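Here is a short briefing on one predicted model.

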Amino acid sequence: MKDVNNFPVNGLPPLTYSSKKYTFHIEFVTFFQAWNRCRDMGKRLASIESYQDNLAYREAVAPYAGFEITFWIAATNIGARSNDQSKYYWITTDRPVGYVSGFENWFLGFVPDSANQCVATYLGSALWLTGPCATAVSAYACEESQDV
């Protein structure tokens, strides 16, 4: 049997399919440097907007699971009003986190409520943490559309 578009015979993607392809870059940079590095490569800083995206991200980050490392992703609350600091937006789409499907993946017990924070994922769990955007303590993840 012949594959169609890299999918099984019917040519349809599996139910857990994400249209995003994630790549990881082990260079410790600030959030804005990460954003620009991805743009320089013709990609976007990674956003994880659904359960399917999260599965694709976790699969792609698995080779780095043994490293003590975080990866910047595109969520931030920079510019949020003081009474809205718990609301995060994808800087690459200007949509609120959770807008598309309600998906969020915060580290268990973590309450993101500090001002001017950016989001990074932690190890292979891909759980979300926040940190000051101007610190160069995280590597970064980029995304690009995956051809279907």
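Both C118 and C133 are buried, where buried means under 20% relative accessible area, exposed over 50% and partly exposed in between (1.4 Å probe, protein chains only). The structure holds 2 disulfides, a disulfide being a pair of cysteine sulfur atoms within 2.5 Å. This is a predicted model: local features need pLDDT of at least 70, side-chain atom pairs count only at pLDDT 80 or more, and totals for chains, interfaces and linings use all residues. Residues are numbered from 1 along each chain as its sequence is written, and side-chain values use heavy atoms, with hydrogens and water left out.

**Disulfide C118–C133**
- C118 and C133 form a disulfide with sulfur atoms 1.9 Å apart.
- C118 lies in strand β6 and C133 in the loop between β7 (127–132) and β8, so the pair ties together parts that are 15 residues apart in sequence.
- Helices (H or I, at least four residues) and strands (E, at least two) are DSSP runs, numbered from the N terminus.
- The torsion about the S-S bond of C118 and C133 is about 95 degrees, so this disulfide is right-handed.

**Disulfide C38–C142**
- The sulfur atoms of C38 and C142 are 2.0 Å apart, and the two residues form a disulfide.
- C38 lies in helix α1 and C142 in strand β8, so this pair ties together parts that are 104 residues apart in sequence.
- The torsion about the S-S bond of C38 and C142 is about -85 degrees, so this disulfide is left-handed.
- C38 has 0% relative accessibility and counts as buried.
- C142 also counts as buried, at 0% relative accessibility.
- With the bonded cysteines of the protein chain numbered in sequence order, the pairing is 1-4, 2-3.

**Helix α1**
- The buried residues of α1 are F31, A34 and C38.
- They cover an arc of only 60 degrees around the axis, which puts them on the same side of α1; the arc is that of the directions from the helix axis to the C-beta atoms.
- Their cover includes β1, β2 (44–45), β3, β6 and β8, with contact meaning heavy atoms within 4.5 Å.
- G42 follows α1 and has a positive phi, near 80 degrees.

**Nonpolar core**
- The largest nonpolar core has 32 residues, and Y57 and W128 touch the most other members.
- Such a core is a set of buried Ala, Val, Leu, Ile, Met, Phe, Trp, Tyr and Cys residues joined through side-chain atoms within 4.5 Å.
- Two or more residues come from each of β1 (20–29), α1 (31–40), α2 (51–61), β3 (70–76), β6 (117–122) and β8 (138–145).
- β3 gives the most to this core, with 5 residues.
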